[in-house]
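Thanks for coming, everyone. I'll keep this brisk. Please look at the sequence and the structure as they come up.

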Amino acid sequence: MTADLVARRVTDLLAPQVLVIAMPPAVGLLAQGWAGAAWGLLASALCGGVPAAVIAAGVRSGRLDSHHIVDRARRTGPLLAAVAAVLAALVLLVALGAPALLVATVTAMLVALAVTVPITTRWKISFHAAVCAGTVVVLAHVLPAAPTATAGAAVVALVCWARVRLAHHTWAQVAAGTAVGALTTWATLAAFGL
């Protein structure tokens with residue numbers, strides 16, 4: 001495989017919408033078994049499924065260039081839809097009495113969006129890096145921390161390399177995304193006492 005093909009595959013496999021759909025049920029299952037996975041499915045349907053549907057509709061209509069939304073100027077609408085979906089998920093999870101870990105995870109998504117959305121209107125911060133780094137922090141909370149963080153750091157580095165290799169971001173943009181994703185997620189989990 002060529003480096004560009006590897007970079008495209010990494011970009012697609014570890015896209016933000018893929019991670020946001022897959023992570024909550026996995027975290028719920030690891031933390032609280034099948035009941036936790038069910039809560040996670042609810043979170044992923046809203047936090048990942050709704051934005052993915054909005055982006056897919058935008059791609060089909062020609063308003064968006066791809067599901068990665070490479071054109072920064074076109075990111076605002078889908079990102080506002082993502083903020084609304086994550087906020088709706090958070091309200092629903094709290095109202096229905098979801099486990100604290102999933103409420104904290106969805107809160108971390110909202111906090112990360114609150115930081116990255118205003119930045120991306122002026123500078124193309126990497127959502128791939130932010131979501132991947134945040135996912136690693138959450139997984140390190142439910143799996144053995146040191147090996148998860150070590151393996152996760154390698155995965156985040158691979159995602160950053162792929163985004164730069166495809167010329168979708170600079171190293172500064174992926175580094176900023178990584179920092180925002182990791183720090184906002186860690187701070188949110190800490191604020192929840194987790």
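At what angle do helix α2 and helix α5 pack, and how far apart are their axes? One note before the answer: this is a predicted model. Now the answer. Helix α2 covers residues 16-61, and helix α5 covers residues 127-142. They pack at an angle of about 5°. Their axes are 10 Å apart. Angles under 35 degrees count as roughly parallel, so α2 is roughly parallel to α5.

Who makes that contact? From α2, we have P16, L19, V20, M23, V27, L30 and A31. On the α5 side, they meet F127, H128, V131, C132, T135, V138, L139 and V142. By class, this contact has 13 nonpolar residues and two polar ones. Charged residues: none.

Next pair. Helix α4 is residues 100-120, and helix α7 is residues 171-191. Here the packing angle is about 140°, with the axes 8 Å apart. What do we call that arrangement of α4 and α7? Oblique, because roughly antiparallel requires an angle over 145. The crossing of α4 and α7 is right-handed.

The α4 side of the contact is L101, A104, T107, A108, V111, A112, V115 and T116. The α7 side is V180, T184, T185, T188 and L189. Sorted by class, the contact of α4 with α7 has eight nonpolar and five polar residues. Again, no charged ones.

Now two single residues. Start with R74. Where does R74 lie? In the loop between α2 and α3, where α3 is residues 76-96. Its relative accessible area is 45%, so R74 is partly exposed. Leaving out residues up to four places away in sequence, R74 touches R63, L64 and I69. R74 and L101 are 27 residues apart in sequence. In space, C-alpha to C-alpha, R74 and L101 are 33 Å apart.

Last one: T148. Find T148 in helix α6, residues 145-165. Is T148 buried or exposed? Buried, because its relative accessible area is 15% and the cut-off for buried is under 20%. Which residues does T148 contact, leaving aside neighbours within four places in sequence? V136, L139, A140 and L143. A polar atom of the T148 side chain lies 2.6 Å from the backbone oxygen of P144.

That's my tour. Over to you.

Note on methods:
Residues numbered from 1 in each chain as written. Predicted model: local features only at pLDDT ≥ 70, side-chain atom pairs only at ≥ 80, totals over all residues. Heavy atoms only, no water. Axes fitted to C-alpha atoms, helices over the stretch in contact; angles between N-to-C directions. Helix = DSSP H or I, 4+ residues; strand = E, 2+ residues; numbered from the N terminus. Parallel < 35°, antiparallel > 145°, perpendicular 65-115°, else oblique. Contact = heavy atoms within 4.5 Å. Nonpolar A, V, L, I, M, F, W, Y, C, P; charged D, E, K, R; others polar. Left-handed = near helix turned anticlockwise from the far one by under 90°. Buried < 20%, exposed > 50% of the residue type's maximum accessible area, 1.4 Å probe, protein only. Polar contact = N/O pair within 3.5 Å; in protein donor to acceptor, adjacent residues only side chain to side chain.
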